[in-house]
Amino acid sequence: MNILVIGQSYLGRIGGVPKFYAQLYDYLCARGHAITHVTFLPIGKEGLQYPFPESVKIISINIYAGHGVADRIRNIANEVNPDVVVLMGGDLWNLDALAALRSSPFPVIISERGCPPYCITKMWMNRRLRELAAGQVEFYHLLMPSFKNSFPKDLQNWLVAISNPEPEAKILAKPDIPDENGKFTLLYTGRLAVEKRLPLLVRAFALVCRHYPEWRLEIIGSGPELGLVKAAIAEAKIENRVYLLPNTNSQDALARHYADSHLFCLPSEAEGCPHSLLEALAAGLPCVGFASCPGTNDIIKDGYNGFLAKADTAESLAHCLEKLMGNVELRVKMGENAINTAKGFAPEKNFAAWEKLLREASLWKGRKKILKFKRMLQSPVASLWRALQPVPKNVTNLPDIFCRSPLDWFRQVGEKWLDYALLNFFGLPHFPGQQKPADVLARKSRIVCELNKPESMSLPGMGAVARNILKIANRNGIALNNLYKEHKEY
């Protein structure tokens, strides 16, 4: 197969999605498939964090310039002539890609890389656009089977759940044996982001650490919440019990951290299929998280390979941590169960499922309308009603529900009803509400290159400031490309 993947992840730094790309591409290329990877973000000076096979062709385009994104995607697709296209991420930018590909012969798969609550509110901005996008593609990939329930039943027929892969750990932890100093380690690895709720973990550890002087908390990662984490540590007065370490780009060094630890905690409010949790389980660490966290509650089996805190409080999390910190035998037993759990995410099983999905989608190349018509016949009323939904140009004020009645539909659409009627049944070359191509910012302008560097993204607020500048300029027709000195783009 000839596969085109379009994604939005930094390939030059450590992360779950770039790691998945490398693993999947190794498998597919070894089986004779050709891959072209299109990225919207710069790779960085150091190159790929997780090397791709040499046969993978990488194309980098800058969507922040606001310069005909749909046209560029359409041109790349026509040049590559893929058997199947994968839109990796599940985000509003997928609408631009769908605008470019909807009238093409190429089957499209959207791969949503998060849990439904997070993707709906943060990525798609509302449930309505997510469901409209799902109705436009041949298949829609999710990370967990339970995530299918977030879609209406008539859309669930072309939803496919494939979890992230996790290979066997090279080094296993020993949850019952302290280090050479007689200490035990509670570990967290990952980004220091607001959804990870690291201050909550610090407060929970502070509640129990006085009873367990041999335990310490180790947090490995970097991100915008570093200041809040330090403040929480200082407020709890446990500076001598918590160790903050930066991200490591060495997979061997990270594996050693897991092997040297005795318990793992992921205090997130939302996850997809977290690599850090799978890595901890594969290393034989019992794990603790929150029962309310999607993704985490699919992987941690309460009482089997760890514990799930019932309430989203430091006290509830501390109670679960204490049950394992104070019980060596339980840590050993749950650590063994953790390894068994991780085996269910074996890469061979995962990649075979991906190859099957890609091959099934590729069979519909040049026949997409036939597949859409067959699905429409399965749920004709729901399909017609979804096709009639308007897509206002101002998506920020878009309701999170479909129109409740034909009258409500006409109220929203008004005089524009002809532009929206039977939206999904006409092969329109553009998506209503799509931004018009505008050469607002040169691709090599200094502001774009500087703010899209991986090292710049750790600066609090820089990305948000840059995007606000671009939005204001775009809205008012201000060309910024002459205001900044151009330099080499990597």
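The structure is a predicted model, in which local features need pLDDT of at least 70, side-chain atom pairs count only at pLDDT 80 or more, and totals for chains, interfaces and linings use all residues. Residues are numbered from 1 along each chain as its sequence is written, and side-chain values use heavy atoms, with hydrogens and water left out.

**Confidence**
- The average pLDDT (the predictor's confidence in each residue, from 0 to 100) is 81 for the protein, and 77% of the residues score at least 70.
- Over residues 415-462, pLDDT stays under 50, and the model has 122 contacts beyond four places in sequence for this stretch; contact means heavy atoms within 4.5 Å.

**Sheet**
- Seven strands form an open sheet in the order β3-β2-β1-β4-β5-β6-β7, with parallel pairing.
- Strands pair if DSSP finds at least two bridges between them; strands (E, at least two residues) and helices (H or I, at least four) are DSSP runs, numbered from the N terminus.
- Because β3 (57-60) and β7 (159-161) stand at the edges with a single partner strand each, one side of each is left without a neighbour in the sheet.
- From one strand to the next, the twist averages 20°.
- Three bridges join β5 (residues 108-112) to β6 (residues 139-142) in the parallel sense, and I110 stands opposite Y140 in β6.

**Helix α1**
- Helix α1 (residues 16-30) packs on the sheet, where it touches β1 (2-7), β2 (34-39) and β4 (84-89).
- The direction of α1 makes about 160° with that of β2; axes are lines fitted to C-alpha atoms, for helices over the stretch in contact, and angles run from 0 to 180 degrees between N-to-C directions.
- G32, which follows α1, has a positive phi near 90°.

**Aromatic pairs**
- The whole structure holds eight aromatic pairs, counted for rings of Phe, Tyr and Trp (its six-membered ring) with centres within 6.5 Å; planes under 30 degrees apart are stacked, over 60 edge-to-face and the rest tilted.
- The ring centres of F20 and W354 lie 5.9 Å apart with planes at 50°, so the pair is tilted.
- F20 in α1 and W354 in α13 are 334 residues apart, and both are buried.
- The rings of Y21 and F52 are edge-to-face, with centres 6.5 Å apart and planes at 85°.
- Y21, Y25 and F52 form one aromatic cluster.

Definitions and conventions
Buried < 20%, exposed > 50% of the residue type's maximum accessible area, 1.4 Å probe, protein only.
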